[in-house]
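Please look over the structure shown below before reading on.

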Amino acid sequence: MSIGFSLFIDEAGDEGIDRVRPIDPDGAPEYFVMCGLLVRSNRLPELSDHLNKMKAEVALSSSTEIHFRDLEQEIQLKLLSGLGAFKCGIIAVVSNKRNMRRYRNRRIERKLNEIDGKGRIRPQRNSWFYNHIFRYLLERASAECNRVTQAAYGEVRTINVIFAQKRGFNYAQSRAYLEKLRVERHDRSYFNNKQQITWSVVDPMAVVSARPKTTPGLQLADCAASGIHRAIDEDWYGCARPDYLEALVPRLLQREGSAKNFGFTLLPENFSDPLSDTQRKALALVGYRLRHSSRHIPE
């Protein structure tokens, strides 16, 4: 079967849920963002040229690997504007981790082990969370791939899924997780969060990881994920940058004229935790109208 799209995936924030800011001043970021850059196969040859053009505009050499979070804010915004000009689709799944603080999925942990820095076997505690977020992302990406390829070619074409390599993460577990979902999708116990992966365009065993340095799509995915995270997650001083998200809004996939719950999905569903005015402004850009609530930022 022909390939219709490539999906380049990266994330920002981290999956840590034992301690979460701002409840825990020294905790992990409040938000975790997984972002996918969905590129039609016929546009893949344009990726390198467009990325090099973006780098040239901010005085970076073509051989320099972009690490978005390490760049000055002026350069970050220029890169996001450049990404917003590239013909692709962006899908972001944004998880607020307050309600998951100190949560443990012990059933899954018993099945997944990892080797720590001292050579000891211990549960791979947060891979279930990472894969759960990936599922939301793939549901939306596969639906878009199916819709577009049917309309453009009169046939279903598949989607290539490429993760940015993450040290210590076992992507074989992600493939096994997808295969389990595929096999059990008709079972009564199947967890249904209102959408399902469109399996006609997805091969779980074809999910791969690659180095961003040699994969232009992953460098752009890093820009998207980090930019969205910076727009939503407040730093130590209570500052966020809604303008970062605004630069990407034209590329967020939409349904019925809105990116809400498709190109940009906020979790948990029916989110109601306290937000600052800046965070409310950012989320309003993608269709979320959330209440104002005072927010305590530890000093």
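## Briefing on the predicted model

Of the 299 residues in the protein chain, 50% are buried, where buried means under 20% relative accessible area, exposed means over 50% and partly exposed lies in between, with a 1.4 Å probe and protein chains only. This is a predicted model, in which local features need pLDDT of at least 70 and side-chain atom pairs count only at pLDDT 80 or more, while totals for chains, interfaces and linings use all residues. Residues are numbered from 1 along each chain as its sequence is written, and side-chain values use heavy atoms, with hydrogens and water left out.

**Overall chain**

- The protein chain has eight helices and eight strands, taken as DSSP runs numbered from the N terminus (helices are H or I with at least four residues, strands are E with at least two).
- The protein chain exposes about 14,600 Å², of which carbon and sulfur atoms supply 47%; these areas come from the Shrake-Rupley method with a 1.4 Å probe, and for residues only the protein chains shown count as cover.
- Among contacts (heavy atoms within 4.5 Å) with a separation of 6 or more in the protein chain, 74% are between residues 24 or more positions apart.

**The sheet**

- Six strands form an open sheet of mixed pairing, in the order β7-β6-β1-β2-β3-β8, with two strands taken to pair if DSSP finds at least two bridges between them.
- The edges are held by β7 (208-210) and β8 (264-267), each of which has a single partner strand, so one side of each is left without a neighbour in the sheet.
- Within this sheet, strands β1 (residues 3-12) and β2 (residues 31-40) run antiparallel and are joined by eight bridges, and Glu11 stands opposite Met34 in β2.

**Nonpolar cores**

- The largest nonpolar core has 48 residues, and those with the most contacts inside it are Leu37, Leu83, Ile90, Ile228, Leu245 and Phe264; such a core is a set of buried Ala, Val, Leu, Ile, Met, Phe, Trp, Tyr and Cys residues joined through side-chain atoms within 4.5 Å.
- Helix α6 (residues 216-232) gives this core its largest share, nine residues.
- A second, separate core of 34 residues includes Tyr136, Leu137, Leu138 and Cys145.
- Leaving aside residues up to four places away in sequence, Leu37 touches Ser6, Leu7, Phe8, Leu83, Cys88, Gly89, Ile90, Gly217, Leu220 and Ala221.

**Aromatic rings**

- The structure holds nine aromatic pairs, counted when rings of Phe, Tyr and Trp (its six-membered ring) have centres within 6.5 Å, with planes under 30 degrees apart called stacked, over 60 edge-to-face and the rest tilted.
- The rings of Phe68 and Tyr244 have centres 6.1 Å apart and planes at 85°, so this pair is edge-to-face.
- That pair links distant parts of the chain, 176 residues apart, with Phe68 in the loop between α1 (44-57) and α2 (73-84) and Tyr244 in helix α7 (residues 242-248).
- Phe68 counts as buried at 2% relative accessibility, and Tyr244 counts as buried at 0%.
- For Phe163 and Tyr171, the ring centres are 5.2 Å apart and the planes at 35°, so the pair is tilted; both residues are buried.
- Ring pairs link Phe163 and Tyr171 into a cluster with Phe32, Phe129, Tyr130, Phe134 and Phe169.

**A buried asparagine**

- Asn131 lies in helix α4 (residues 127-153) and is buried, with a relative accessible area of 4%.
- Not counting residues up to four places away in sequence, Asn131 touches Phe169, Gln173, Ser174 and Tyr177.
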